[in-house]
Amino acid sequence: MRRLPPLRTALLTALALLVAPFAHAIAPTRMPTPALQARYERLIHGFRCMQCQDESLANSPVSLAADMRRQIRQMLMAGRTDQQIRHFFVSRYGYFILFKPPFVLKTAWLWLAPGVLLVTGTVSAGWVIRRRAALAAADDNDEDVPGDDGVARPGNHN
Amino acid sequence: MKGRYLIPLGVFAVIATMLALGIEQAPRKDLVPSPLIGKAAPIFSLPSLANPRKLVTSAQLRGHWYLFNVWGTWCISCRMEEPELLAIARTGLVPLIGLDWKDTRSDAITYLHRAGDPYRKIAFDPGGLEAIQWGVYGAPETFLVNPQGIIVYKYIGPITPGAWTRDFLPRLPAAHAVAGS
C-alpha cells in the first residue's frame with residue numbers, strides 16, 4: 001500500500017483534531033413520545049451543569065450532568081410536571097442551576113439593572129444634547145454684539 | 001453648578017466598587033451556597049457499602065448528630081481529607097456517615113482497608129442519584145445534620161483541621177468540652 005504524502009497526512013490529522021471535540025458528544029436520549037421528548041429537551045437546555053457551570057445539562061459530557069439528565073428522565077416518566085422538576089432542582093441547588101433565573105426579590109436587580117441603566121443613559125444624553133443645542137443657539141445670537149471679536153474663548157459659559 | 005462635574009466621578013465610584021466586590025468574591029465562585037441549609041435532610045434508604053443486603057437509612061440516624069460525607073475513591077481531594085476524617089472519628093464527638101458516590105464496591109473496600117475507615121456507616125450510591133437529592137456537585141462535600149434531621153451546615157471541599165475547629169466544632173453541642181481538639 002502506498003504511503004500517504006506528508007501534506008495529505010497533515011491535512012487528515014488537522015481534520016481529525018478539528019472533529020475531536022465532538023467525539024464525546026452526548027448520546028441522545030429517546031423518550032417514548034414526541035411530547036415527552038420535547039419537554040425533556042427543553043428542560044435539559046434550561047439547567048446549568050453544576051460542575052462545568054457554563055454549560056447546560058444538554059451539552060455537558062461530565063457524569064454529574066448525565067446523572068441529572070437521568071433524574072429528569074425518571075421524573076418525566078413518573079408524570080411530574082416541568083414546574084415540579086424545576087422546583088426539585090432549585091430546592092437542592094438554588095436558582096444558580098437555572099440558566100434563566102426567575103424574577104424574585106433576590107434577582108430583581110439582575111433583571112432591572114439594564115433597563116435602569118438604559119433610561120438613565122438616555123435621559124442624561126438627552127439633557128446634555130439639549131443644553132449644548134441651547135448654548136450653540138445663544139452663541140449664534142451673540143455674533144453681532146458690538147465688541148465681540150468673534151474669537152471663541154474657553155470658559156465663558158456658565 | 002460646580003458639583004455637576006462630580007456626577008461622572010460618583011458613577012465611576014459606584015461601578016468600580018461593584019467590580020471590586022466581584023473580583024473579591026471571584027475565588028469563591030465555585031462555592032455555590034446550598035439552599036438545603038436549615039431544611040430537612042433527604043430521606044434515604046440505601047444499600048450499605050460493606051454489605052449490600054443491609055440498608056443505611058435516614059431513619060436509623062434520627063435523634064443523633066451526624067456528619068454526612070460524600071466521597072469516592074476516584075476523588076483526589078477526598079484522599080487528602082482522609083487523615084482529618086480519621087482525626088474527627090477519634091474525637092468521638094459526632095459519627096461520620098459516608099456516601100460512597102459513583103464508585104465501585106471493590107475499589108472502596110480496598111481503599112478503606114488500606115487508608116483506614118473513619119465511617120460509622122457507609123451508604124453506597126454507584127448511580128449518583130442520591131447525591132443529587134443532597135444537591136451535591138462535587139466531592140468531598142460534608143453536611144452536618146442535627147438530631148431533628150435538619151441540615152445545619154454544609155462544607156464544600158476537603159475538611160482541614162482549621163475548618164473543623166472554626167466551622168464545625170462551634171455548631172456541635174458538646175464542642176465546649178473538647179474545644180481545640
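The C-alpha centres of domain 1 of chain A and domain 2 of chain A lie 42 Å apart. Domain 1 covers residues 27-101 and domain 2 covers residues 103-142, with bounds that come from an automatic or database domain assignment. The model is predicted: local features need pLDDT of at least 70, side-chain atom pairs count only at pLDDT 80 or more, and totals for chains, interfaces and linings use all residues. Residues are numbered from 1 along each chain as its sequence is written, while chains are lettered from A and ligands numbered from 1 in the order in which they are written.

In chain A, helix 2 (residues 34-46) and helix 3 (residues 63-77) have axes that come within 11 Å and cross at roughly 145°. Helices (H or I, at least four residues) and strands (E, at least two) are DSSP runs, numbered from the N terminus. Axes are lines fitted to C-alpha atoms, for helices over the stretch in contact, and angles run from 0 to 180 degrees between N-to-C directions. Helix 2 of chain A passes helix 3 of chain A in a right-handed crossing; a crossing is left-handed if the near helix is turned anticlockwise from the far one by less than a right angle, and right-handed if clockwise. To the contact, helix 2 of chain A gives Leu36(A), Arg39(A), Tyr40(A), Leu43(A) and Ile44(A), and helix 3 of chain A gives Arg69(A), Ile72(A), Arg73(A) and Leu76(A). Two residues are in contact if their C-beta atoms, placed from the backbone, lie within 7 Å. By class, six residues of this helix contact are nonpolar, none is polar and three are charged. Ala, Val, Leu, Ile, Met, Phe, Trp, Tyr, Cys and Pro count as nonpolar, Asp, Glu, Lys and Arg as charged, and the others, Gly among them, as polar.

Chain B has six helices and seven strands, and its elements run α-β-β-α-β-α-β-α-β-α-β-β-α from the N terminus on. Five of the strands form an open sheet of mixed pairing, in the order 5-4-3-6-7. Two strands pair if DSSP finds at least two bridges between them. Strand 5 (121-125) and strand 7 (151-156) of chain B are the edge strands, each pairing on one side only. From one strand to the next, the twist averages 20°. Strand 4 (residues 96-101) and strand 5 of chain B run parallel and are joined by five bridges; Leu99(B) stands opposite Ala123(B) in strand 5.

Two loops of chain B hold backbone exceptions. Most residues other than glycine have a negative phi, and most peptide bonds are trans. Lys102(B), in the loop between strand 4 and helix 4 (105-115) of chain B, has a positive phi of about 50° although it is not a glycine. A cis peptide bond, with omega about -5°, joins Ala139(B) and Pro140(B).

Between the chains, 13 residues of chain B are in contact with 14 residues of chain A. The chain B side divides into eight nonpolar, four polar and one charged.
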